[in-house]
Amino acid sequence: METNLVMEGIKFMFLGMGTVFSFLVIMIFVINIMSLIIHKYFPEPHVADETASGGSTQKDNKKIVAAITAAIAHHRQG
Amino acid sequence: MKNIVIKLLASMMLFACVFSVNAMASEHESSVQKLSAHQEETYQSKPFSQMITGFLKSTGIVALVHPRADELSATGKPMSDFHKGLGRVIMILVTFLLFWLAIAKGFEPLLLLPIAFGGLLANIPIADIAGPHGFLGVIYQAGLSNELFPIIIFMGVGAMTDFGPLLSNPKTALLGGAAQFGIFGTLVGAVVLAHYGFVDFTLKQASAISIIGGADGPTSIFIATKLSPELLGAIAVASYSYMAMVPIIQPPIMRALTTDKERKMRMSTLRHVSRLEKLVFPVLVLMLAILVLPESTPLIGAFMFGNFLKESGVVERLNDTLQNSLINITTIFLGLGVGSKLAADQFLVPETLFIMILGVIAFAVGTAAGVLMAKFMNLFPGHKINPLIGSAGVSAVPMAARVSNKVGMEYDRTNMLLMHAMGPNVAGVIGSAVAAGVLISLFQ
């Protein structure tokens, strides 16, 4: 009976780690497939628009904000 | 009406006239009796000397030095004199130590201060604040015994989590999986301790203790209340205090298991993640959880709900409430409720010592497993992973990721690992929620 308890613990361990890893491995596959699909069929609108039109003032503002953010990030890293 | 007021004043004057108490006592008694039927039941006039001794007996000093024989614990059980007297003094000193750690050392003050103050209140003799009718007891009943507060915290954590780093480098999720070895390794450890007769843990109790290795406070509380509520206090305190001590526990293990070259390893820049990916991800993971392990969905569901609100971008007000007011309010109640379990009779027991030891082992094993997993993954082709981010696989968000970053910067000041470490860190939250689901499902 007492040996049983340790064996139970080890069984729990294998089942538990197995489940956690299988869940995460499936999740990784699903993430990759999702990214592929999204990048292929639903690309980010502003990336697509960049080449199409010159861009209004709003887009320019966004670009400026992006540039400032990048500069701050760069400054912090450096 | 006027008559009553006059009588009241008269009786107050009688209280003041100490010396003539005995002579006037009988007269005073009769006037008080007429005051109201309610007072008559609860209050009986006594000579002033008796009142003084009665009051002195009700002071904290006397209650601590000479505990009352009939005083019951918060759970309504009789307590030993040690737990009523010296034990309480020790626990109050322990809460002072927690105050010091929280304020002077900055150990998770947001949680440790409410917990410690709750502990201080729970150890007050006579007042019975942690009892079923004390306010700590009411808070405990309202949201801890039914697992509500941990779930609400999980929603808030979800709203604060950015899955971007994980989405841009999904394979780091495996590090978050490996770190869950802390849970199951400790489970075996606890069972072995029980097997050799050191301590009397059942399999359920061992499982509840081992979840400390998930390094996730809400998950620990969730599992402990489900599997062995009698150990909740020690498990929650161990879990939160070790989470606070992540910056002390982890670095030595990380340094011991990595070489200097590995620590200086740089990781490739994370790719941009589109808004749509971030929006789809929470629903996707929830779908997976529904299909694979429905037992984990209370935790994962709440977590993903918070995250979905945030990423939807159209409910800024709700998102703001989840991230700030709601999680702050719940943290106060959660802390006080957990603190109520710091009462001497529940905390100063031998099991607590084993839980504390097993908890720190769980953390250490989880950290080591994450680092070793990163080294193992580097044996395969593909983008290399700095093993220092492996330790972030224990969930403790974002503390564990910050530790990875800090240790990394000690060796190379320009090597920013924070965002890379956030990937395994949030995967660790998912991993420990899955592990929790497995443990619950095994006991169904």
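Reader: How many residue pairs are in polar contact between chain A and chain B?

Author: The count is 4 residue pairs, both at pLDDT 80 or more. A polar contact is a pair of N or O atoms within 3.5 Å. Within protein, one must be able to donate a hydrogen and the other to accept it, and residues adjacent in sequence count only if both atoms are side-chain atoms. This is a predicted model: local features need pLDDT of at least 70, side-chain atom pairs count only at pLDDT 80 or more, and totals for chains, interfaces and linings use all residues. Residues are numbered from 1 along each chain as its sequence is written, chains are lettered from A and ligands numbered from 1 in the order written, and side-chain values use heavy atoms, without hydrogens and water.

Reader: What makes up the contact between the chains?

Author: Chain A gives 32 residues and chain B gives 49 residues. Contact means heavy atoms within 4.5 Å. On the side of chain A, 28 residues come from helix 1 (residues 2-41), the largest share. Helices are DSSP runs (H or I, at least four residues), numbered from the N terminus.

Reader: Why is His83(B) called buried?

Author: Its relative accessibility is 14%. Buried means under 20% relative accessible area (1.4 Å probe, protein chains only). So His83(B) counts as buried.

Reader: Where does His83(B) lie, and what does the side chain of His83(B) reach?

Author: His83(B) lies in helix 6 (residues 81-84) of chain B. Its side chain reaches the backbone oxygen of Leu348(B) at 3.1 Å.

Note on methods. Helices (H or I, at least four residues) and strands (E, at least two) are DSSP runs, numbered from the N terminus. Buried means under 20% relative accessible area, exposed over 50%, partly exposed in between (1.4 Å probe, protein chains only).
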